[in-house]
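Let's walk through a protein model together, one feature at a time. Take a look at it before we start.

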Amino acid sequence: MASFVEIERCNLIPLSLTSLCACPCRTLSNKTLILSQKRCPKLNLRIVFHGSKPVLRIRQSGISTSRRLISAVASAEPDRLEDGNSNEEIDDSHNIQVNEDSVSERQQKASQLRKRIIFGLGIGISVGGVLLAGEWVFTVFMAAAVFIGAREYFELVRSRGIAAGMTPPPRYVSRVCSVICSLMPILTLYFGQIDVSVTSAAFVVAMALLLQRGNPRFSQLSSTMFGLFYCGYLPCFWVKLRCGLAAPALNTRLAVAWPIFLGGLPRWTVGLVATLISFSSIIAADTFAFLGGKAFGRTQLTSISPKKTWEGTIVGLGGCIATSVALSKIFCWPKSLTSAIIFGFLNFFGSVFGDLTESMIKRDAGVKDSGSLIPGHGGILDRVDSYIFTGALAYSFVKTFLPLYGV
C-alpha cells in the first residue's frame, strides 16, 4: 500500500528531515500524513511514496511539475533497517567472540592452576624427602638448585632490559660464576664454613674481569659480585642450618616414634626441626599473603611488585607467625613462645625481602618470569626467591640468639 505525504508551505526552504518534523502534523487514515501551515496559492508541494520510489509533485500558479527524487528521505527507512540488521549481526558476532575469548581465558587460567597445584605438590613432597635425608642428599640438591638459579640470574643480567643500561659480564665469566656458586654448598658441608671459598672465588672472578680484552666496566664487576653473593653465598646458610646444627632435638615428641630404619631419634636434630619450621613458615606466608591480598587487598605495598598489598602482607605475617608457633608446639622447639614468634617474624621478613629483590631484578630485565623450567611456576628463582635471604636470618637467630640452640 502506498504511503502519501502532502505538504503545503508558503515559502520554499531546503527540504530535509528536520524541516519535515518541525511542522505541525496530523495523522490520517490509510497511512497518510499531512503537514500543513497557512494555505498559500503560490506553492503546493506533494510527496508520494510508491514503495521505495518517491515522487515529488509541485503545483505553483496552476503549473504542475513532477520530479522523481532519490533522496535520503525515501531511503531512510530501508537503510535504517539494513543498518539495524548489520549492527545486530556485528553485535552478535562481537558478543560471540567475547564469550569465546572469556571461555578460552578461563580454561587457560584453570589449566595453569592445575599445573601449579600438581607441580607444587610434587616439589613439596620432593623437598620434604630431601630435608629428611639431609647431609649429602640435601647438599647436592641445593647445589643443583643454586647452579640453575645462577644461570637464570646471569641470563637476566644479559637481558635486553638490563643490558640496555649497563654492560653485562662476558658469557664465559657468567658460566664460571655459575659453576663456582654450585660448588659453594658442597664446600660448606665439607669444610663447615664458606668464608675462604667465597673470598677466593671473588678474587679470581675480579681478576678475570679486570684483565679481559677491551674496556672493563664497573657494571660487569658489580653484577658479577652480586651474583656470587646472591646465588652462591646466601644459599649456603641453609646447608649450615640443616647440616651444621647437629645437636639432637631432645624435646621433640615426633622423634620418639620415628622408625629406627629411617634414623630413629638421632635423625631429628635442631637443624632439621629449624629448617622444617622455616620452610613451612615461608610457604604459609606466601599462601596467606596471596589469599589476603585477593580478599582484602586495596593498598599497594610497593611499586616494585604492584600486585602486593599491605593488607595481604599483614595477613601473610599473621599466617607465618601462627605456623611458626603451631609447629613449635608440635616439635617442642623452641621452648620459648617469644622465640617462636620472633623466629616466625624473621622468616616472614626474609621471605618478603627476597621476593621483592627478585621482582626488582625481573622488572629491570623486563620479563615476567626468570625462566620456564617449572610449568606453571616459572624458573627456579621464581620459586626460591623467598628462601634466599631467609636461611641467613634463620641460622644467625638459632646459632647466636637462642641459648643452647633453643633446646
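A: Let's begin with S386, which is buried, with a relative accessible area of 2%. Buried means under 20% relative accessible area, exposed means over 50%, and partly exposed is in between, using a 1.4 Å probe and protein chains only. Keep in mind that this is a predicted model, where local features need pLDDT of at least 70 and side-chain atom pairs count only at pLDDT 80 or more, while totals for chains, interfaces and linings use all residues. Residues are numbered from 1 along each chain as its sequence is written, and side-chain values use heavy atoms, leaving out hydrogens and water.

Q: Where is S386 found, and what is it in contact with?

A: Helices (H or I, at least four residues) and strands (E, at least two) are DSSP runs, numbered from the N terminus. S386 sits in the loop between α13 (380–384) and α14 (390–401). Contact means heavy atoms within 4.5 Å. Skipping neighbours within four places in sequence, S386 is in contact with I282, D286, G350, S351 and D355.

Q: How many helices and strands are there in the protein?

A: The protein has 14 helices and 8 strands. Of its 407 residues, 40% count as buried.

Q: How do I read two packed helices, say α3 and α8?

A: Two packed helices are described by the angle between their axes and the distance between the axes. Axes are lines fitted to C-alpha atoms, for helices over the stretch in contact, and angles run from 0 to 180 degrees between N-to-C directions. Here, the axes of α3 (residues 135–157) and α8 (residues 236–244) come within 10 Å and cross at roughly 170°. Angles under 35 degrees count as roughly parallel, over 145 as roughly antiparallel, 65 to 115 as roughly perpendicular and the rest as oblique. So α3 and α8 are roughly antiparallel to each other.

Q: Which residues make that contact?

A: From α3 come E135, F138, T139 and M142, and from α8 come W238, V239, R242 and C243.

Q: Is α8 enclosed by the rest of the structure or open, and which of its residues are buried?

A: 8 of the 9 residues of α8 are buried, so α8 is largely enclosed by the rest of the structure. Those buried residues are C236, F237, W238, V239, K240, L241, R242 and C243. In α3, the buried residues include F138, T139 and M142.

Q: What about the nonpolar core: which members touch the most others?

A: In soluble globular proteins, nonpolar side chains tend to be buried together. A nonpolar core is a set of buried Ala, Val, Leu, Ile, Met, Phe, Trp, Tyr and Cys residues joined through side-chain atoms within 4.5 Å. The largest one here has 63 residues, and W333 and V398 touch the most other members. Not counting residues up to four places away in sequence, V398 touches L245, V270, A274, W333, F343 and Y405.

Q: Are T357, A322 and F203 buried, partly exposed or exposed?

A: T357, in helix α12 (residues 337–365), counts as buried at 11% relative accessibility. Beyond its neighbours within four places in sequence, T357 is in contact with F226, Y230 and F389. A322, in helix α11 (residues 310–331), counts as partly exposed at 46%. F203, in helix α6 (residues 195–210), is exposed, with a relative accessible area of 55%.
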